[in-house]
Structures are given as C-alpha cells and as structure tokens.
Amino acid sequence: MAEIIDRAIATASSTARNQQAGPLERVRAADLVPLDTVSPQAWQDLVEHAREPNGYYLPGWERAVNATARGRTGTSALCAWDDDQPSRLIGLMPTTSLWHACRLPLPALASGHPYGTLCTPLLDGRSAERAAAQLLDAARRTGARALLLRDMSLAGSVMQAFEAALRRGDLRPRVLQSYERALLDASGDADTVLHDALGAKKLKELRRLRHRLAEHGDVRFEVARSPGDVSTALETFLVLEASGWKGRRGTALIQHDGDAAFIRRAAPALAQHEACEIISLMAGDTTVAAGVVLRHQDRAFFFKLGVDERFAKYSPGVQLTLDLTRHLCADPKINAADSTAGPDHPMINPIWRERLAIGDVIIPLYTRDPVVELIHGALTARREGLAMARRAVHAVRAIRKRRPTTQPPRR
C-alpha cells in the first residue's frame, strides 16, 4: 500500500511538470525524486549555505539512513532550484507519503525521518523564502493537499520562511503538537554555565564521584575526529549502548543489521567533513561512557549516549555530558548544542538549561480545503491513540519493576 501511494504521488508529479512546465524546467531535476538521486555536490553546497543547521539532513547522514535504516528507506525529496542557476539547489525536504509515515491513506506528504529528532528542511539562507515557496509549489504539483513537517524547529528562521511564503496565499501553518527540549548555549564560559545550571553543591558531589571513578584508572575525556578514529570508537559505543537498557528493550543500533550498517556508514562519512565526533569517558583502559555528536555550521547535535552500567554509581552519563559541555563551550565554531532528547529528559535537562521548541506542523497547500480538516483530525486522533498506548506501556513497566525478582519459598 505504501509503495502504491508513493508511486502515485511520484507519477502525478512527473505528469504535472510535463504538462505545465516550460522547456527549461522540463530538463531540470523533478520536484519529487528518489532521495538517492539528488546530486551529492548540490546537496553539500546547500548544506554550506543553509539558513538553519540540521545535522540530521547532512547528505552523508541522510543518504546512509535512506539506504538501510529500519523503516526509513525509500525516501523521496522535494527540491527547489534557483531560477537563474538551474543546477543550484536552494531547498531540500526529504519526504514520504502520509501512509508510509503514519499509516493514514490521505493525500499529504510528511518529512522523512532521519533517525534523529529534527526534520527542519534545508533552505538556502540567501533565498530562504523563495526556496520555501518553491517547495510548497512542488508539493502541490505532486497532488498533495498538505505537508506534515515532523520534529520541526518552531521558532527558527526556516519556519519563519515557510510562514512568509504561506501568507502570500492567505494560508497559515497549524501546530499539531509541540514540546521543549534541552539546548546548550555554548557561547559562554563552561564553568559558569555548569555552575548556574547545577549549583556548587551538585558539582562538588559530581567531582567526588569522579575521584571515586579514578580508583579504576586515570579518568580522561577523549574525542575521535578522523574517519578512522571515529569508526574505531563507534564500535565501542555500539557495544556500550547494547549493554544497557536499550539492549534489553531491543532498540540498540547494533541489534539490527540495517541500523548498524547505517551508522557505520554515516559516522565516518560525516567525519570526512568534520561533522561527526565520537566522545568517550575513560577510566584507565575502560570506556565507561560514549556518545555520538554531529556538527553543522555553528550547532552541535547530541545524537546518542551509551554507558557501562557497571559504573552506574559514578553517574558516567552525567560525567560525559559535563565534559562535552566544556568541550563545546571551548570551541569557537560552536554557539549552541541541541540535545535532540525528549521533553523532561531527567539527565540532560538539569545540565543544559536553554530550551528549543520542537513540534509537528501541518502546512495546508490550499485555502479552505476540507481535505486538510480531515488530515488534521486523523493526525490528532492518531496522536491521542499513541499517547494512550505509551501510558499503558509505562504502567506495565512500572508494575513489573515492583514485582519481586524471585519467588518466595514455599511453606
């Protein structure tokens, strides 16, 4: 079903362009194309001039996701091209059908999910509003009645460009759901940032735990940057991630061949452009915590964290995050870091105290369209159903935790 809908949208796009486009436009790249056919060089050029950074839509990352990651392959892309320089890509939005994204058989396109909780499209900063308008026009030519921008930066300049383009047609975006997540302001002094966030008493306790950890060997923070070093450190990270609760739930990257293949391809590919680091906290020769950090322009993105639970009493995840905070604040190229964590994250929220508003946004493509009301209602019902299911899962887990691990002896 998903393939049929995707193919129908792609066919509609091709037909509409052939019927409506001029000679120059016909020989130019189509508006909706398979993601892996987008020119890597044009994509990389757009990345360098993007209005708002998104490490998860870097070509080395998203192409690897699209190739093998579970549930994220077969993605298409809406493209906007410069009228004066037809080979210059000025807008890119990885997309999929609403059926593939949400199992809703409705005429809408959704952001392609890049294995990271940020789907802000790439717009050329020199022509952002024009690029946004072209992406909307391209979506209309596919036959879509709406766009669903998932995990969108709500207050960023890209959202502002879409709002400006929509106002031309007397249209307004609709925020389906939103939340705030932890963001680090890395422009200041790290010690001041940490003191303001945690206070002297908490920092003293964390220093005590670090001294205790040093009983297992010299404690140091290491950063792998070159493609070779990143590949090596990544393997340690994958083992750590799978050794903890993610492994017990079956969600660790290394537990699924497609996911493991994606990250093993993506991390060294980004490292070639200084866009990926593997950070590690060592105690002697033992890695007690490790994480994957992406970079795009002046922003870092904390993708994932793995810890050795044998050292849990020393708070290795927190210790690593403190070192990462100092590392990023000391880097003049980085002004902010997106935790890409969920709302109310118990570990990182107390440390990174700034907040980034993220949400799912419905973009209507036509005024007073009853189909958009249907799409909105279906997405709202789906969201409420998923929230109910999550509450049920959490309740079951809480009950299981309260159960005794062994049966009492029989009398």
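Select Gln297. At 35% relative accessibility, Gln297 counts as partly exposed (20% to 50% relative accessible area; buried is under 20% and exposed over 50%, with a 1.4 Å probe and protein chains only). Gln297 sits in the loop between β10 and β11. Helices here are DSSP runs of H or I with at least four residues, strands are runs of E with at least two, and both are numbered from the N terminus. Check the backbone: Gln297 is not a glycine, yet its phi is positive, about 55°. Most residues other than glycine have a negative phi.

Before moving on, note that this is a predicted model, in which local features need pLDDT of at least 70 and side-chain atom pairs count only at pLDDT 80 or more, while totals for chains, interfaces and linings use all residues. Residues are numbered from 1 along each chain as its sequence is written, and side-chain values use heavy atoms, with hydrogens and water left out.

**Ser315**

Go to Ser315, in the loop between β11 and α12 (316-329). Ser315 also has a positive phi of about 55° without being a glycine. Its relative accessible area is 24%, so Ser315 is partly exposed.

**Phe302**

Step back into strand β11, where Phe302 lies. Is Phe302 buried or exposed? Phe302 counts as buried, at 6% relative accessibility. Show its contacts (heavy atoms within 4.5 Å). Leaving out residues up to four places away in sequence, Phe302 touches Tyr56, Ile279, Gly291, Val292, Val293, Thr321, Leu324, Asp338, Ser339, Thr340, Ile348 and Trp352.

**Helices α3 and α4**

Select α3 (40-48). Ala42, Trp43, Gln44, Leu46 and Val47 are buried in α3. An α-helix has 3.6 residues a turn, so residues three or four places apart point the same way. The buried residues of α3 pack against α4, β2 (76-81), β3, β5 (122-123) and β10.

In α4, the buried residues are Pro59, Trp61, Glu62, Ala64, Val65 and Asn66. These pack against α3, β3 (89-97), α11, β10 and β11 (299-307).

**Cys79**

Find Cys79 in strand β2. Cys79 has a relative accessible area of 2%, so it is buried. Leu32 is 47 residues away from Cys79 in sequence, but the two C-alpha atoms are 6.5 Å apart.

**The nonpolar cores**

Which of its 50 residues touch the most other members? They are Trp61, Leu92 and Phe262. Centre on Leu92. Not counting residues up to four places away in sequence, Leu92 touches Val38, Trp43, Leu46, Ala77, Leu78, Cys79, Pro121, Leu122 and Leu135. A second, separate core has 35 residues, including Leu206, Leu328, Ala341 and Met347.

**The second largest pocket**

Turn to the second largest pocket, with a volume of about 600 Å³. Its 25 lining residues include Leu270, His273, Glu274, Ala275 and Arg295, the closest to its centre. The largest share, five residues, comes from α3. The lining has nine nonpolar, seven polar and nine charged residues. Here Ala, Val, Leu, Ile, Met, Phe, Trp, Tyr, Cys and Pro count as nonpolar, Asp, Glu, Lys and Arg as charged, and the others, Gly among them, as polar.

On a 1 Å grid over the protein atoms alone, a pocket is an open set of points with protein on both sides within 12 Å along at least five of seven lines; a cavity is a set where a 1.4 Å probe fits but cannot get out; lining residues have an atom within 4 Å of a point. Points are joined across faces, edges and corners, and a volume is the space filled by probe spheres set on them.

**The cavity**

How many cavities of 30 Å³ or more does a search of the whole structure find? One. Select Glu52, Pro53, Leu118, Thr120, Ser153 and Arg299, which line the largest cavity. The largest cavity holds about 30 Å³ of space.

**Confidence**

Finish by colouring on pLDDT (the predictor's confidence in each residue, from 0 to 100). The protein averages 91, and 91% of the residues score at least 70. Residues 1-29 fall below 50, with 41 contacts beyond near neighbours in sequence. Residues 406-411 are also below 50, with zero such contacts. Where pLDDT is low, the predicted coordinates should not be read in detail.

How values were computed
A nonpolar core is a set of buried Ala, Val, Leu, Ile, Met, Phe, Trp, Tyr and Cys residues joined through side-chain atoms within 4.5 Å.
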